[in-house]
Amino acid sequence: MFWSSLFSAVVLLAGFFGVFYVGKLANDRLHREYNLLHELVERDNPAIALALVGYYAGLVLAIGGAIAGPAISLWWDLFYLIIYGLIGVVLLNASWYVCDWVILRSFKVSDELVRDQNQGTGAVVAGVCVANGFILFGAISGEGGGVITALVYWIMGQIMLIIASLIYDLITPYSIHDEIEKDNVAAGVGFGGALAGMGVVIGLAGEGDFISWGENLPGYLLYAALGLVLLPVIRYITDKVLLPTVSLTDEIVNQETPNLGAAYIEAFAYVSAAFIVYWCV
């Protein structure tokens with residue numbers, strides 16, 4: 001029994017890392033406008049590093065969704081890991097275009113990452129990737145669904161992230177795009193944290209077995225709507241409770257040097273609140 005379990009674990013680990021490597025290659029091919037090794041080693045580009053770490057985290061979550069849940073048999077589990085893991089790779093990389101063309105539509109993301117080494121942009125890209133990792137984890141994990149189900153959940157997740165980005169821009173007294181383009185890292189960290197938190201809510205709402213759209217969709221939409229409603233609430237709580245003696249907006253945009261620590265606290269508030277919502281609702 002022990003050796004059989006050990007063998008199964010080794011096979012699945014090999015499959016996991018194989019799919020992860022395919023995901024790495026896909027990301028490398030997607031960004032041919034720059035050389036990843038050159039950016040990381042020769043130019044010490046922290047913006048690229050932030051975006052890449054976020055992508056790898058999202059990749060682990062997406063592939064993890066393909067292996068989470070009850071085991072069937074070793075070879076069926078490996079088959080599902082490879083097929084749904086590769087689907088996760090494709091959709092996670094597609095989310096780059098959602099970020100570039102819609103969420104950060106005011107500028108070209110690759111230019112900010114490479115030319116300006118804009119860490120604020122890197123933080124937002126990382127947040128989007130982590131959010132999509134959770135969305136794909138929820139879409140792929142569980143039983144009863146299929147490729148179409150995973151694709152529909154992913155599409156709905158993108159719509160929710162786009163709406164969340166618009167709401168965040170409305171509730172902040174400054175233009176998030178202008179601040180990020182001005183290399184305001186703190187603004188990017190706060191925004192990235194809000195998107196990651198939204199992704200946690202959406203992804204965990206989709207977790208579990210798929211029964212039917214009539215059974216699963218209402219709960220999914222309720223969680224997503226709750227996440228959207230909580231965005232301004234969490235920012236208010238962060239401003240008045242976690243940072244009671246200062247203005248969050250002043251700390252992030254109205255100082256000569258934006259307060260990155262305040263942005264970290266804001267990002268933490270969004271992500272932690274997302275898990276609290278999932279545990280309590």
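**Contacts, helix packing, salt bridges and a surface patch**

Leaving aside its neighbours within four places in sequence, Q158 is in contact (heavy atoms within 4.5 Å) with S95, V98, N132 and I135. The model shown here is predicted: local features need pLDDT of at least 70, side-chain atom pairs count only at pLDDT 80 or more, and totals for chains, interfaces and linings use all residues. Residues are numbered from 1 along each chain as its sequence is written, and side-chain values use heavy atoms, with hydrogens and water left out.

Q158 belongs to helix α7, which covers residues 147–171. Helices here are DSSP runs of H or I with at least four residues, numbered from the N terminus. With a relative accessible area of 5%, Q158 is buried; the term buried stands for under 20% relative accessible area, exposed for over 50%, and partly exposed for values in between, with a 1.4 Å probe and protein chains only.

One of the residues in contact with Q158 is I135, and I135 also takes part in the packing of α6 against α9. Two packed helices are described by the angle between their axes and the distance between the axes. Helix α6 (residues 119–140) and helix α9 (residues 185–205) pack at an angle of about 5°, and their axes are 7 Å apart. That angle makes α6 roughly parallel to α9, a description that applies to angles under 35 degrees. The axes are lines fitted to C-alpha atoms, for helices over the stretch in contact, and angles run from 0 to 180 degrees between N-to-C directions. On the α6 side, the residues that meet α9 include G120, A123, G127, A131, F134 and G138. On the α9 side, G188, F191, G192, L195, G199 and G203 are among them.

Another salt bridge links E179 with K182, with the closest N and O atoms 3.2 Å apart. E179 is buried at 11% relative accessibility, while K182 is exposed at 57%.

D116 and R115 likewise form a salt bridge, their closest N and O atoms being 3.2 Å apart. D116 is partly exposed, at 30%, and R115 is exposed, at 55%. Together with E112, R115 and D116 are linked in a network of salt bridges.

On the surface, V22, I72, W76, F79, Y80, I82, I83 and L86 form a nonpolar patch with about 680 Å² of accessible area together. Such a patch is made of residues with over 30% relative accessible area and no salt bridge, nonpolar side chains (Val, Leu, Ile, Met, Phe, Trp, Tyr) being joined within 5 Å. The accessible areas come from the Shrake-Rupley method with a 1.4 Å probe, and for residues only the protein chains shown count as cover. Helix α4 (residues 74–103) gives the most to this patch, with 6 residues. I82 lies in α4 and counts as partly exposed, at 34% relative accessibility.

How values were computed
Patches are made of residues with over 30% relative accessible area and no salt bridge: like charges are joined within 9 Å, nonpolar side chains (Val, Leu, Ile, Met, Phe, Trp, Tyr) within 5 Å. A salt bridge is a side-chain nitrogen of Lys or Arg within 4 Å of a carboxyl oxygen of Asp or Glu. Helices (H or I, at least four residues) and strands (E, at least two) are DSSP runs, numbered from the N terminus. Angles under 35 degrees count as roughly parallel, over 145 as roughly antiparallel, 65 to 115 as roughly perpendicular and the rest as oblique.
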